[in-house]
Amino acid sequence: MQKGDFSKDFVEKIAQDEPQWMRERRLEAYALYESLPMPHTTEDDTWRRTVDMRTQDYWRRTRRHLRGFAVDNYRPTIGQNGDTSVEVPKDSEDAAGVILQLDGQHQHTSLSAELEKQDVYFADLHTALKERDELLRDYFMTKAVTLETTLKSGNIATSNKFDALHGAFWQGGYVLHVPKGIRVEVPLRVYIRLSEEQHADLSHILVIAEENSQVVILEDNLSTNQEAGGLHSGAVEIFAGQNANVTYVQVQNWNRQVWNFASHRAMVSKDAKLCWVTATFGGRLNKLNQAIVLEGNGANAQMLGLAFTDARQHLDVSTAQEHVSPHTFSDLLYRTVLKDRSQTAWGGNIYVYPEANYTDAYQKNDNLLLSERAHADTLPGLEIQAHEVRCTHGATAGKIDTDQVFYLMSRGLSYAQAEKLIVDGFFEPVMERVPMESVREELQEFVSRKLET
Amino acid sequence: MCNDLIIQDLHVSVQGNPIIKGLNLTVKQGEVHALMGPNGSGKSTLAKGLMGHPFYEIDSGEVIFNDVDVLELEPNERAKLGLFLAFQYPTAIPGVSLANFLRIAASAVRSAETNGSENNELIPMREFRKELRAKMTQLGVDDSFARRYLNDGFSGGEMKRAEILQLAMLEPKIAILDETDSGLDIDAVRIVGESVSSLVGPELGVLIITHYPRLLDYIRPQFVHILLDGRIVESGGWELTQVLEAEGYDPMREKYGIAETVQENTI
Ligand SMILES: Nc1ncnc2c1ncn2[C@@H]1O[C@H](COP(=O)(O)OP(=O)(O)O)[C@@H](O)[C@H]1O
Ligand SMILES: [Mg+2]
């Protein structure tokens, strides 16, 4: 593994064994990265709430920078096969396929013989560049997460500095391609790990489910070293082809020293179904752009978010639900619990194109504050250009209810037990829609750990 | 150990307003007491104060139970000693099933009984389910009840039955029932009344707080107390309920020189 810095030379070094088109895309992204200033937390609308929101003074003092953050403090790397001594987690035993990555280096891939026979392709992105040139050329940052945002929703930045950084320096990640008509019944599992100090994880994820296919991906991102500071600048691109059924679960549990910037976008075709679960527990500062684009008639997407922040964590999420075609359905439910002095900002937008009649779009963000000093900002939004539309949106933020705590304690529960039950109950509407018992259990486990610390 | 509940010269205020103004009452294990009073006289304030709700400030007085002054204790510690309150308006806990909650509650209360220490071990699932099902059948509660979210979207009657189910499962020594009969139709009052009466025995002392004497047709109290303006003005036996039934509270107010408090709504 070679370490570098975020320079043009290093882009050239990374690209030297890659196809010419990828080299060009990297350089194009690098040029954009160079030309864009670091996000300005007082002037850039989409970054306004990515800083401490409690005091105006703070804004005045910090002006343009994300306090405590400089890209140059982190190191991109290149390298091929990693350290094969890293163990594949036990819970992958039942998976139909497994990918494991550590510090941007691919460690392990497996895929069941049955799926291989069915031409399901599951590989780290560097291998895929060699083996699936055309597929990648077609999909990689061209349709979903691109350098120029094609979204109409106003809450997600066009030409994001971090998307450009990612496009220039991406390392690691994987591609999953499920051919037409193949229905994968057993989940695939992905483990993305960070362990090294100052490391930049720049994973790129591409999920392409062709017509009439079905697949479930369970991915977790976590730090194995609780002290190591790091940077994650990631992208997730999901394509649910016509009548495909895709479930994608990402559980993020970086340590509290990791700066986390990511753009996630899914394109949902005619009659396709997407169930998308995003769980956020880790990170020092998280800036997540997440969008679904309902491209074809009858497209259906659920966006489920579950987050739990503590200490001085900051989580800023912008979501977009874009209804391009008629008869489309989307339902977003994001629930966040905040502890200590943590802060969250959620801004959501539903955008319904003029042609997209007979659309149902729902959006709900609820926040439960366990501490006086936690702070949640929530900003639901709608832009509706069509006439025949059913939309609801709503947002709540409230402190833990004294009467609920009293009721439970009057039955013998300690404060901690009462709090836990109330938190579990608060997450339940999200949990009950999470498709697998094993995932629910994992999420429960992370929630319990957050409550105990 | 003495399982009587002894309230001595208790003063409780809410948001700085004195509501309970020097109340004395002793409920012994095995006894049934009725506390009657008009709306706004302070019945719920007494009940929540006894259980330790943080909004209800204890200004002075003592409440002795199990030989300790429970006013020093957290609500859960009071529950572990064997004090129970059936709420007039139970709180909904969305997302938490009645069964899950009751298993945790019963485990907490029972672990205190056996060794007195903080113990988070849960009653084994099968054992708990069996017991819960038996008690639910006994109280005529539908099986689906256990899976529903606690008090969430419950009708008035369902809430009160859920309270009695909790009473049956937690097996306290002293139970305070705060208007468990209010808002129920005749049939529901009968079911609740019969359920409670089946639980009454030498192990359980009950303080039935009520507005009307309806519930008392099913559980005959040995002692009846009248609460007016934060004080017990009269105590007696069954005959007191008959006086109230016939005359209402007005003659009693006149007798003790207490003006009718105007209530915008019942709390
Ligand atoms: N949580 C509360 N906030 C404000 N006032 C309250 C509260 N609880 C009770 N009170 C006041 O205390 C008085 C007694 O109320 P309460 O104890 O509910 O009476 P009862 O149960 O006998 O109808 C009333 O004047 C009521 O307005
Ligand atoms: Mg009352």
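Colleague: Which residue in β10(A) is the bridge partner of A:R193?

Modeller: It's A:L222. Before going on, keep in mind that this is a predicted model: local features need pLDDT of at least 70 and side-chain atom pairs count only at pLDDT 80 or more, while totals for chains, interfaces and linings use all residues. Residues are numbered from 1 along each chain as its sequence is written, with chains lettered from A and ligands numbered from 1 in the order in which they are written.

That bridge sits in a parallel pairing of β7 (188-194) with β10 (214-223) of chain A, made over 7 bridges. Helices (DSSP runs of H or I, at least four residues) and strands (E, at least two) are numbered from the N terminus, and two strands pair if DSSP finds at least two bridges between them.

Now step back to the sheet. In chain A, 10 strands form an open sheet with mixed pairing, in the order β4-β3-β7-β10-β12-β14-β16-β18-β20-β23. Its edges are β4 (105-111) and β23 (389-399) of chain A, each pairing on one side only. On average, neighbouring strands are turned by 5° against each other, direction ignored. Angles here run from 0 to 180 degrees between N-to-C directions, using axes fitted to C-alpha atoms, for helices over the stretch in contact.

What packs on the sheet? α9(A) touches β16 (300-309), β18 (329-338) and β20 (359-369) of chain A, with its direction at about 165° to that of β18(A). Helix α10 (437-452) of chain A lies across β10, β12 (245-253), β14 (273-280) and β16 of chain A, running at about 20° to β12(A). Contact means that C-beta atoms, placed from the backbone, lie within 7 Å.

α9(A) turns up again where the chains meet. There, 20 residues of chain A are in contact with 23 of chain B. Both α8 (402-409) and α9 (415-431) of chain A supply at least two residues each to chain A's side, and α9(A) gives the most, with 8 residues. By class, that side has 9 nonpolar, 7 polar and 4 charged residues. Ala, Val, Leu, Ile, Met, Phe, Trp, Tyr, Cys and Pro count as nonpolar, Asp, Glu, Lys and Arg as charged, and the others, Gly among them, as polar.

Methods. Contact = placed C-beta atoms within 7 Å.
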